[in-house]
Amino acid sequence: MSALAADVDRSVAELRQTVATLHAELTRYGLVAWTSGNVSARVPGQNLMVIKPSGVSYDDLSADNMIVCDLDGRVVEGGLSPSSDTAAHAYVYRAMPQVGGVVHTHSMYASAWAARGEAIPCVLTAMADEFGGDIPLGPFALIGNDDIGKGIVDTLRDSRSPAVIMQNHGVFTIGKDARAAVKAAVMCEDVARTVHVARQLGPVLPIAAADIDRLYDRYQNAYGQPSAIALGCC
Ligand SMILES: [Zn+2]
């Protein structure tokens, strides 16, 4: 029997299923190896989040073995240890009330930028659409305290990007919900790969700031059904 109130319990039950299901997107898009990577979701209106357990195979993830933690990273429901990145997720939820989902991966191309300690320059219209500019570089930080969470928040606070490349580490993404954060992780790896490949044969061409603004505004405010048909592209 859950210690949570009935309405919170229902919302947690839905998010357990959502978060478990979204982990399959990380493997589908080739963003993770072994048990690395994790998705979490904030429980709306509560000091709670749902996150993956630590060290469990992706094939064995289910609604039942997701972990419910408070936003200080303490386990509220669940028989396993939460992801080792729980403190970073919790820090983001505490500091950024608009964020409803967080994703972390070591996806290959984005992590190659991390290994070089470089932001990904905004040189594709898809980057302008999705990230509103460069995908910024966050600081080097060790796991075990709030340094990773603080690095994510300090970097993303001044950026329109929902993704940050953490130096020597990998990617963290945020979204209004967990699905949006997963989408940002998929799109981040997609553009990280393309820009990496482009750079092998020469310099990449920047997009003017005013054009980035126009692209971002159109995509964020006008894109989607049914206007996508009129606007064209994807
Ligand atoms: Zn990591």
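Along the chain, the donors of the zinc ion follow the spacing H-x1-H-x62-H. The model is a predicted one. The residues behind that pattern are H104, H106 and H169, and each coordinates the zinc ion through its NE2 atom.

Where do H104 and H169 lie? H104 belongs to strand β5, residues 101–105. H169 sits in the loop between β7 (163–166) and β8 (170–175). The pair therefore ties together parts that are 65 residues apart in sequence.

H169 reaches 22%. Buried means under 20%, and exposed means over 50%. H169 therefore counts as partly exposed.

Now turn to the helices. Two packed helices are described by the angle between their axes and the distance between the axes. Take helix α2 (residues 86–95) and helix α5 (residues 147–156) to begin with. Their axes come within 7 Å and cross at roughly 45°. That angle makes α2 oblique to α5. The crossing of α2 and α5 is right-handed. From α2, the contact draws on A88, Y91, V92 and A95. From α5 come I148, G149, K150, I152 and V153. By class, the residues of this α2–α5 contact are seven nonpolar, one polar and one charged.

Which residues does V92 touch, leaving aside its neighbours within four places in sequence? V92 is in contact with V99, V102, I152, V153 and I174. Of these, I152 and V153 are also named on the α5 side of the helix contact. A63 is another matter: A63 and V92 are 29 residues apart along the chain, and their C-alpha atoms are separated by 23 Å.

A further helix pair is α3 (residues 108–116) and α6 (residues 178–200). Here the axes come within 7 Å and cross at roughly 65°. The crossing of α3 and α6 is left-handed, whereas that of α2 and α5 is right-handed. On the α3 side, the contact involves M108, Y109, A110, A112, W113 and R116. On the α6 side, their partners are C188, E189, A192, R193, V195, H196 and R199. The residues of the α3–α6 contact divide into eight nonpolar, one polar and four charged.

Conventions:
Residues are numbered from 1 along each chain as its sequence is written. This is a predicted model: local features need pLDDT of at least 70, side-chain atom pairs count only at pLDDT 80 or more; totals for chains, interfaces and linings use all residues. Side-chain values use heavy atoms; hydrogens and water are left out. Donors are N, O and S atoms within 2.8 Å of the metal (3.2 Å for Na, K and Ca); water is not among the atoms, so sites may look incomplete. Helices (H or I, at least four residues) and strands (E, at least two) are DSSP runs, numbered from the N terminus. Buried means under 20% relative accessible area, exposed over 50%, partly exposed in between (1.4 Å probe, protein chains only). Axes are lines fitted to C-alpha atoms, for helices over the stretch in contact, and angles run from 0 to 180 degrees between N-to-C directions. Angles under 35 degrees count as roughly parallel, over 145 as roughly antiparallel, 65 to 115 as roughly perpendicular and the rest as oblique. A crossing is left-handed if the near helix is turned anticlockwise from the far one by less than a right angle, and right-handed if clockwise. Contact means heavy atoms within 4.5 Å. Ala, Val, Leu, Ile, Met, Phe, Trp, Tyr, Cys and Pro count as nonpolar, Asp, Glu, Lys and Arg as charged, and the others, Gly among them, as polar.
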